Amino acid sequence: IHVAGKRARWRASRMSGSGETWQGRQQGMQGKEAVEQLLAAADVRLDGERPWDMRVSDERVYARILAEGSLGAGEAYMDGWWDCRQLDELFARLLRSRIHERVRPWPVIWHSLVARFLNRQRGRRAWDVGRRHYDIGDDLYERMLDRRMIYSCGFWDGARNLDEAQERKLQLVFDKLALAPGQRVLDIGCGWGGAARYAAEHYGVVVTGVTVSEHQAERARALCADWPVEILLCDYRELPTRIERPFDAAYSIGMFEHVGHHNYERYMRVVRECLTDSGLFLLHTIGNDRPATTADPWVERYIFPNSMLPSASQLAPAFERYFVLEDWQNFGADYDRTLMAWYRRCRDSRDVLGRHYDQRFQRMWSYYLLSSAGAFRARSNQLWQLVLSPSGLKDGYRRSQREARFAAAPPGGAAGDLPG
């Protein structure tokens, strides 16, 4: 496979869009055989009839995959060089068989080395994800997300649809924190303000939300205008100098993935500085099944710049100096269902979204959602909720008691009327 990959890279450098030499076609066949061998380990066939089989429309795809790995595969899909009727299941099979560990082209290795030694989530780069992902267009997110525009994993226990799953998740978060009326609460990575408003409306708390997205901050302020919610446009590292006194509780939903392994310990230190001695912190984050120092190269380039997923072995050393771990829950399988719901909503709005997003963008977005769903289905990605306390709760923490109140209640019973 290694030899075939080297030959395939040579072939890719010699090809043009209009044709190829006899030698190029021969080397292409060797590249095809190498890709076929890789796919066979995941029970995936080239040009097969099953929904998860890969159907090739441009023979150059083999050289591109062998030369560039996941980046080349993703870009080739965006360019229409290959297709698959059920991308989510294709990726679930590929990731279960860990094929990605057998294809490590030089661009991937270089990307990993750069991320290992450079802190790519500090300074101006910390704001990149806001500009390049969250600010691309509210019309897309309005069509894709639930009515509160919660852009993170829903909790599907007892939920019948996406709106209910996201409300269940918010109830789960705030019940774990045992929020009480009048408390001051910090929301790190507040998005469009849906969670902050829900906490203020249904738990009677005063919320300060933080985001690095100018557009999210503007929309969150409008959404929460009638509630005791303040929205700060700043990096989390600025918080100790921006707040007047510590908070009674804090939570972070779907933001830690942008922190970066160089900054995990500092993030935890900042949160601790923002909490009272008796305050609880809930961290809701995607987790990786193995330590990593960089994101997938395709995800890094097209979806989430400067992002990476933490592993358990990276998280624990970061918080153990500042917090006692009270609870650690994993409901990663629910993210598969959430992502598929987002995909279906985008698919059903394709005609409307097509007015502002071209076909290549829509293929890119579908690839992002479906490949992510496959990663959670394969259980290579997890969804964690950690409850942390500064010194440990005297009588211990009982999650089942926190969940009991809403577990027996019908979904939507406490929902307010929101536009969406």
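Is R147 buried, exposed or partly exposed? The legends below begin with that residue. This is a predicted model in which local features need pLDDT of at least 70 and side-chain atom pairs count only at pLDDT 80 or more, while totals for chains, interfaces and linings use all residues. Residues are numbered from 1 along each chain as its sequence is written, and side-chain values use heavy atoms, leaving out hydrogens and water.

**View 1. R147 in the loop between helix 7 and helix 8.** R147 counts as partly exposed because its relative accessibility is 24%; buried means under 20% relative accessible area, exposed over 50%, and partly exposed in between, with a 1.4 Å probe and protein chains only. Helices are DSSP runs of H or I with at least four residues, numbered from the N terminus. G194 is 47 residues from R147 in sequence, with the two C-alpha atoms 8.9 Å apart.

**View 2. R64 in helix 3.** Here the relative accessibility is 15%, so R64 counts as buried. Leaving aside neighbours within four places in sequence, R64 is in contact (heavy atoms within 4.5 Å) with G69, G72, E75, A76, D79 and W81.

**View 3. Helix 4 and the residue R98 that follows.** Helix 4 is largely enclosed by the rest of the structure, because 9 of its 10 residues are buried. Among them you will find L87, D88, E89 and R93. R98 has a positive phi, near 55 degrees.

**View 4. The largest nonpolar core, with W82, Y151 and W365.** A nonpolar core is a set of buried Ala, Val, Leu, Ile, Met, Phe, Trp, Tyr and Cys residues joined through side-chain atoms within 4.5 Å. Of the 65 residues in this one, W82, Y151 and W365 touch the most other members. Helices that each supply at least two residues include helix 2 (22–40), helix 8 (162–176) and helix 17. Another core, of 31 residues, lies apart from it and has L239 and M308 among its members.

**View 5. The second largest pocket, with a volume of about 370 Å³.** A pocket is an open set of points on a 1 Å grid over the protein atoms alone, where a 1.4 Å probe fits, with protein on both sides within 12 Å along at least five of seven lines; lining residues have an atom within 4 Å of a point. Grid points are joined across faces, edges and corners, and the volume is the space filled by probe spheres set on them. Of the 22 lining residues, Y343, R350, Q362, R363 and S366 are the closest to the centre. Helix 17 gives the most to the lining, with 8 residues.
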